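Trainee: I am new to this structure. Please pick one part, take me through it closely, and then show me a few places elsewhere in the chain.

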Amino acid sequence: MSDTVTISRRDFLRIGAAVGGGLLLGFSLPSRTEAGAAASSGKTFVPNAFIRIGSDETVTIIVNHSEMGQGVYTSLPMLVAEELECDWKKVRIEPAPVDPAYNHTAFGIQMTGGSTSIWSEWDRLRTAGAVARTMLIAAAARMWKVSPASCRARRGFVVHAPTGRRFSYGTLAEPAAGMTPPQKAALKDPKNFRLIGRPAKRLDTPDKAAGRAVFGIDVTIPGMLTAVIARPPVFGGTVKSLDSEKAKAVRGVKEVVQIPSGVAVVAADFWSALQGRDALAIAWNEGSGAGVSTEALRAEYAETAKTPGLAAKKEGDPEQALAKAATVLRAEYEVPYLAHAPMETLNCVVDLRDDRCELWTGTQFQTADRDAAARIAGLKPEQVMLHTTLLGGGFGRRATPSSDFVSEAVHVAKAVKKPVKVVWTREDDIKGGYYRPLWYDRIAAGIDKKGALVAWHHTIVGQSIAAGTPFEQGMVKNGIDGTSVEGAHDMPYPVPAILVDLHSPRLGVPVLWWRSVGHSHTGFVVESFIDEAAHAAGKDPFEFRRALLGKHPRLKGVLELAAQKAGWGAPLPKGRGLGIAAVESFGSFIAQVAEASVSPAGEIRVHRVVCAVDCGRTVNPDTIEAQMESAIVFGLSAALHGAITLKDGRVEQSNFHDYPLLRMDEMPKVVVHIVRSKEKPGGIGEPGVPPIAPAVANAVFAATGARVRRLPMRPEVVKAAMKQT
């Protein structure tokens, strides 16, 4: 049994909304799981739910967060190994099963998201390692009949200092297995860290390089069939009529079954299933969603933005301050729907029996997915075993409140009564998945005669990602979804009179958190418009920000570091400009300087990005650097190319040819500078995304004088902005 703190769903959601602030909650170290307790009675030492030490000297660390490229299969074991004082070369990793022992320390369920893995496990995993170290020392001292205080642990051995005698951890596994874990264990002084803060090679790389790594798409089980789903072309559509005869005639097709999300074609292999789906004759009831188009939504949002919304923040009288300002600046910004488009498409293997169900999938939401499977199967949650595989990218798509891709796989398995793997094509996900919301922002700023910012009115229009989900009650307060206004209502620049208000239209387009969530849109708007304000005030954009960040020393610090390392103010090659942006999100502080040029055809070339990051105490600097680089690739892909558009209720994009990622020849040189800090750890998976779009837009302005206020910054958008200069 676990003694982990159980947190209500309401608390989970409240905490989720506060993730950006790096909120930490207390916890109790989970004891051994039932299986672990049984193992610990033998020759394997299982001091708690996260560690297993065998007599063969291997140290297995059970990781309760999903590995989707962000490096937690290395950084989290480093926390344990640091305190355990084991030999890093002996460390092995194992994904955790679904069990309360592995619940998130703040959210109360097992999940991965919100850039929380390191800060949420910082204390718990270090404590797990320290407890095990204490027990191994106690076991050795008992065998030597000496005081534990005369022994120390070092690189996989316990050494009796006065005599030099030593036992390896493998030798101590059996005697330590019978001991009772202590209630407390002393943590190391950070000045004595040997692993934390130093570059470490990733533990998952060898298997990935050798092709041994198992992603969900790789899983096969005996007797397994493969299914693809025909889903409605319009969100909210349903099957009107179905003729499956031609599909059933396709060689390899076994069954055609209707499930709540559409029609499943089940076959011996993926290709047969795909051919069978193409042969289906389905008429759809398209419903009211058939009338939705991006152009109509943009026009509707623009009109809505002219009306008062719900106030997320109000201080002073911004309208009166605007009326008195020496200079008033007004602008409209637009950002589109975006797909997550992970490289490994969605998939789930289900083996459903009368009394149990096994799942294999790459998921960020283990507890929710297991519970959804249990409800559909008519089983108890403890009768469902979920195996978490490696994830070929997540970005939030594999953490859906509806557990959509897991739920429909269980529905298919329930219908055909055989083991089945449901596979989404990339077209399936891009045309029928979940999206970062479309946003329209109307914003005004007032500047006095001395160039000071005196008024700010920011109206935001866009769908809530929580509305209509089980999380709405906890995430939406007084009509305000906190993720819709994060980065805007709490922007770091002080303004005497400020209003941030919100409209949250309810539409049938499915929306979801996308890497960096609300900051992905507010970072672009706020950091672009503050640049506009700086120029309107006749001031340098870096110095303008710097002067306003007196109460935000860490954000000011990365701003100064990025500017210094980028050579802010130094001459540039002809036609190039520098743009700067700084955003705090998920408990970390990031500033980026982009150097860009624009061709006469409006094509943006980003030559260089200098990134400064302060994420508190670092664990693996290599991972931090990699996450900043990946965030810049991810953010640039969206800033330059990414857009999901709707026409007649249908998504117009389908794959990477019309929803492109950044190509290798478009990749700028990236330099990352990490601030040494003793502050508590912040997130690193998401905070690198928000600054890149505004940094590039500001660089385009510096190079051309054209202000780009609409994403993506495609040539036609840039050319239109250039014509207005």
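Mentor: Start with the element names. Helices (H or I, at least four residues) and strands (E, at least two) are DSSP runs, and they are numbered from the N terminus. Keep in mind that this is a predicted model.

The part to look at is an open sheet. Five strands form it, in the order β13-β25-β22-β21-β14. The pairing in this sheet is mixed. The edges are β13, residues 310–315, and β14, residues 327–335. Each of these edge strands pairs on one side only. On average, neighbouring strands of the sheet are turned by 10 degrees against each other, with direction ignored.

Strands of a sheet pair through backbone hydrogen bonds, either parallel or antiparallel. β13 pairs with β25 in the antiparallel sense, over 5 bridges. To place this pairing by eye, find E315, whose bridge partner in β25 is I498.

The next pairing is between β25 and β22. β22 covers residues 453–462, and it pairs with β25 in the parallel sense over 7 bridges.

β14 is joined by 9 bridges to β21, residues 439–447. These two strands run antiparallel. A pair to look for is Y333, which stands opposite D441 in β21.

Stay a moment with β25. This strand spans residues 497–503 and is mostly covered, with 7 of its 7 residues buried. In a regular strand the side chains alternate between the two faces of the sheet. In β25, both faces are covered. On one side sit A497, L499, D501 and H503, and on the other I498, V500 and L502, all of them buried.

Follow the chain onward from β25. V517 lies in the loop between β25 and α16, residues 519–536. V517 has a positive phi of about 50 degrees, although it is not a glycine. Is V517 buried or exposed? Its relative accessibility is 16%, and buried means under 20%, so V517 counts as buried.

Compare S115, in the loop between β4 (91–95) and α4 (117–144). The phi of S115 is near 55 degrees, a positive value in a residue other than glycine. S115 has 12% relative accessibility and therefore counts as buried.

Next comes a pair of helices. α17, residues 541–548, packs with α18, residues 553–566. The angle is about 160 degrees and the axes are 10 Å apart. α17 and α18 are therefore roughly antiparallel to each other. α17 passes α18 in a left-handed crossing. On the α17 side, F542, R545 and R546 make the contact; on the α18 side, K556, L559, E560 and A563 do. By class, this contact has 3 nonpolar, no polar and 4 charged residues.

A200 is found in the loop between α5 (169–177) and α6 (205–210). At 10% relative accessibility, A200 counts as buried. Which residues does A200 contact, leaving aside its neighbours within four places in sequence? They are T74, M78, N620 and D622. The C-alpha atoms of A200 and V619 are separated by 9.1 Å, and these residues lie 419 residues apart along the chain.

G156 lies in the loop between β5 (151–154) and β6 (157–160). With 8% relative accessibility, G156 counts as buried. Not counting residues up to four places away in sequence, G156 touches E85, C86, D87, F167, S168 and Y169. T58 is 98 residues from G156 along the chain, and their C-alpha atoms are separated by 9.6 Å.

Finish at a peptide bond. L711 and P712 are joined by a cis peptide bond, with omega about 0 degrees. P712 sits in the loop between α20 (692–704) and α21 (715–723).

Definitions and conventions: Residues are numbered from 1 along each chain as its sequence is written. This is a predicted model: local features need pLDDT of at least 70, side-chain atom pairs count only at pLDDT 80 or more; totals for chains, interfaces and linings use all residues. Side-chain values use heavy atoms; hydrogens and water are left out. Two strands pair if DSSP finds at least two bridges between them. Axes are lines fitted to C-alpha atoms, for helices over the stretch in contact, and angles run from 0 to 180 degrees between N-to-C directions. Angles under 35 degrees count as roughly parallel, over 145 as roughly antiparallel, 65 to 115 as roughly perpendicular and the rest as oblique. A crossing is left-handed if the near helix is turned anticlockwise from the far one by less than a right angle, and right-handed if clockwise. Contact means heavy atoms within 4.5 Å. Ala, Val, Leu, Ile, Met, Phe, Trp, Tyr, Cys and Pro count as nonpolar, Asp, Glu, Lys and Arg as charged, and the others, Gly among them, as polar. Buried means under 20% relative accessible area, exposed over 50%, partly exposed in between (1.4 Å probe, protein chains only).
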